[in-house]
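Please look over the structure shown below before reading on.

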Amino acid sequence: MARKNKSSKRTLLIISLVIILLMAFIYNSKMFEREPPQVFADETIYWNLKKPLNVKMTDESGFKRVLIQLSDGENSITLFNEKYSTQNKELEFNITFPKKGFYSKKNQYMLSYEVVDHSFWNFFMGNKIIKESVIIVDKQDPIAYVVANSYKITKGGIGVVVFKAEDANMNEVYIQTNFGKKFKAVPFEKDGYYIALISWPREQKNLLNAEIVVTDLAGNIARERIRYYLQDKNYKSSKITLSDTFLNNSIASLARDIDDDKTQDMSAIEKFMFINDTLRKESVKTIGTVTDNMSYTRYFSLEPFYPLKNGAVVASYGDFRTYEYGKKKVSESYHLGLDLASTSGANITVSNRGKVVFAGDNGIYGKTVVIDHGFGIYSLYGHCSSLLVQEGDSVMVGQVIAKTGRTGFAFGDHLHFGIAIQGIEVRPEEWMDERWMRDNLFEVINNAKSLINGEK
Ligand SMILES: [Zn+2]
């Protein structure tokens with residue numbers, strides 16, 4: 001009796017063990033996975049009915065059944081009702097609006113997905129998910145039209161545009177140019193109106209083409225071309241022959257100052273090319289990055305810039321320089337600022353309030369200050385001997401921000417003064433000319449204000 005009891009106890013133990021193992025197997029087996037299918041669809045979908053809606057689904061054990069229905073709140077239609085025997089782990093549906101059997105002209109619908117997988121979980125019933133997307137039908141193109149723009153843009157210079165952009169489900173508003181740059185726009189004066197400053201970069205070989213682009217969440221797009229008179233400009237072009245004396249003295253010592261590690265094994269001409277090509281590209285890119293923004297300022301108001309008292313112009317914006325060594329062209333560059341010189345270590349003053357977004361070393365520009373004046377307008381001060389402001393500082397009109405010097409790629413004490421518009425260095429001369437600013441900026445802006453407020 002005692003013996004039998006012992007053996008039955010053992011049997012029971014073995015059975016329990018088998019059950020535990022079986023349960024563990026089921027629990028860990030892929031066939032019994034407990035994850036419901038995943039349906040990749042947004043909670044709210046804007047649809048212009050032009051392109052099919054793409055819905056993806058995934059599941060570890062594959063799909064058993066998919067039911068997709070569309071409802072307008074009163075009636076509904078089945079778009080997909082499929083049973084699957086394969087163990088496909090991914091499904092993709094391209095849903096088009098039903099042309100037959102569903103006469104509904106509402107602009108809001110509910111798209112529902114009921115999906116069951118192939119898992120043996122839930123007593124072989126599988127895991128089920130029910131999900132819904134609100135569909136907002138929007139077939140209306142956005143509104144985009146120009147209210148006012150500057151009459152002309154000079155190559156290397158800028159133009160302003162004030163425009164209307166409207167849509168019930170607005171997504172993006174920007175200016176697209178034919179050279180790849182997208183200019184940002186900010187709200188202006190009244191709801192639905194925007195302003196942007198755009199430039200025609202000096203290096204562009206083509207004429208400028210710029211259009212306002214307004215997109216909505218359903219993928220509808222409106223484009224409106226801005227009609228500027230494009231004024232070409234003949235910039236100075238010069239050929240500079242590099243002498244060995246210049247390379248071995250000035251360039252060699254400059255290379256040592258800028259990056260001794262990288263340049264010490266280079267030949268004299270390689271050092272020059274490193275500074276004028278590689279380093280210039282990096283430095284211009286840094287300026288492009290720190291000035292590629294358009295912070296919103298409530299009022300557009302600027303005084304002409306006058307950064308250096310009695311500063312004589314020693315080089316203009318836009319000069320194109322090619323460099324020759326041993327009768328061969330070795331390098332080229334565009335001068336993207338205005339060089340002004342007075343006494344060495346002269347005070348550099350800022351003519352408009354703003355915020356310092358860069359204060360430090362920047363390659364060929366040397367010690368540099370960059371100030372954000374709002375509306376995508378930045379002023380830049382290079383080759384300084386010392387900086388009197390820090391990043392993040394607010395500067396006041398007339399404040400001395402730095403002293404002139406010869407840091408970076410400079411061979412005499414001077415100020416390299418620049419203006420950048422959303423990342424592109426433009427002609428500073430325009431921004432130092434009161435009449436140019438009045439005719440090309442303020443009159444256009446005031447005219448736009450009157451039109452928007454119905455005064456004209
Ligand atoms: Zn310069």
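Leaving aside its neighbours within four places in sequence, with which residues is Pro201 in contact? In this predicted model, the residues in contact with Pro201, once those neighbours are left aside, are Phe179 and Ile424. The chain around them is divided into domain 1 (32-137), domain 2 (143-233 + 443-452) and domain 3 (237-422).

**Domains and nonpolar cores**

- The centres of domain 1 and domain 3, taken over C-alpha atoms, are separated by 59 Å.
- The largest nonpolar core has 62 residues, and those that touch the most other members are Tyr194, Ala196, Leu197, Ile198, Val369, Tyr381 and Ala420.
- Strand E11 (residues 158-166) gives the largest share of this core, namely 6 residues.
- Because domain 2 (143-233 + 443-452) and domain 3 (237-422) both give residues to this core, the core lies between them.
- Ala196, one of the residues that touch the most other core members, is in contact with Val161, Ile175, Phe183, Lys184 and Ala185 when its neighbours within four places in sequence are left aside.
- A second, separate core has 16 residues, among them Phe63, Ile68, Leu70 and Val116.

**A pair of packed helices**

- Two packed helices are described by the angle between their axes and the distance between the axes.
- Helix H2 (residues 244-263) and helix H3 (residues 268-290) pack at an angle of about 65°, and their axes are 9 Å apart.
- The crossing of H2 and H3 is left-handed, and the H2 side of the contact is made by Leu247, Asn248, Ile251, Ala252, Leu254, Ala255, Ile258 and Thr263.
- On the H3 side, the contact is made by Ala268, Ile269, Lys271, Phe272, Phe274, Ile275 and Leu279.
- Sorted by class, the residues in the contact of H2 with H3 are 12 nonpolar, 2 polar and 1 charged.

**Two residues with positive phi**

- Most residues other than glycine have a negative phi.
- Lys327, although it is not a glycine, has a positive phi of about 65°, and its place is in the loop between strand E21 (320-325) and strand E22 (328-334).
- Gln422 is not a glycine either, yet it has a positive phi of about 45°, and it is found in the loop between strand E31 (415-421) and strand E32 (424-426).
- Is each of these residues buried or exposed? Lys327 is exposed, because 6 other C-beta atoms lie within 10 Å, whereas Gln422 is buried, because 24 other C-beta atoms lie within 10 Å.

**Two partly exposed residues**

- Pro201, with which the briefing began, has its place in the loop between strand E15 (193-199) and strand E16 (210-216), and it counts as partly exposed because it has 18 C-beta neighbours inside 10 Å.
- Asn171 lies in strand E12 (residues 170-177), and it is partly exposed, with 15 other C-beta atoms within 10 Å.
- Leaving aside its neighbours within four places in sequence, Asn171 is in contact with Thr215, Asp216 and Leu217.
- The C-alpha atoms of Asn171 and Gly62 are separated by 36 Å, and these residues are 109 residues apart along the chain.

Key: Residues numbered from 1 in each chain as written. Predicted model: local features only at pLDDT ≥ 70, side-chain atom pairs only at ≥ 80, totals over all residues. Domains from an automatic or database assignment. Axes fitted to C-alpha atoms, helices over the stretch in contact; angles between N-to-C directions. Helix = DSSP H or I, 4+ residues; strand = E, 2+ residues; numbered from the N terminus. Left-handed = near helix turned anticlockwise from the far one by under 90°. Contact = placed C-beta atoms within 7 Å. Nonpolar A, V, L, I, M, F, W, Y, C, P; charged D, E, K, R; others polar. Core = buried A, V, L, I, M, F, W, Y, C linked by C-beta atoms within 7 Å. Buried ≥ 20, exposed ≤ 12 C-beta atoms within 10 Å, placed from the backbone.
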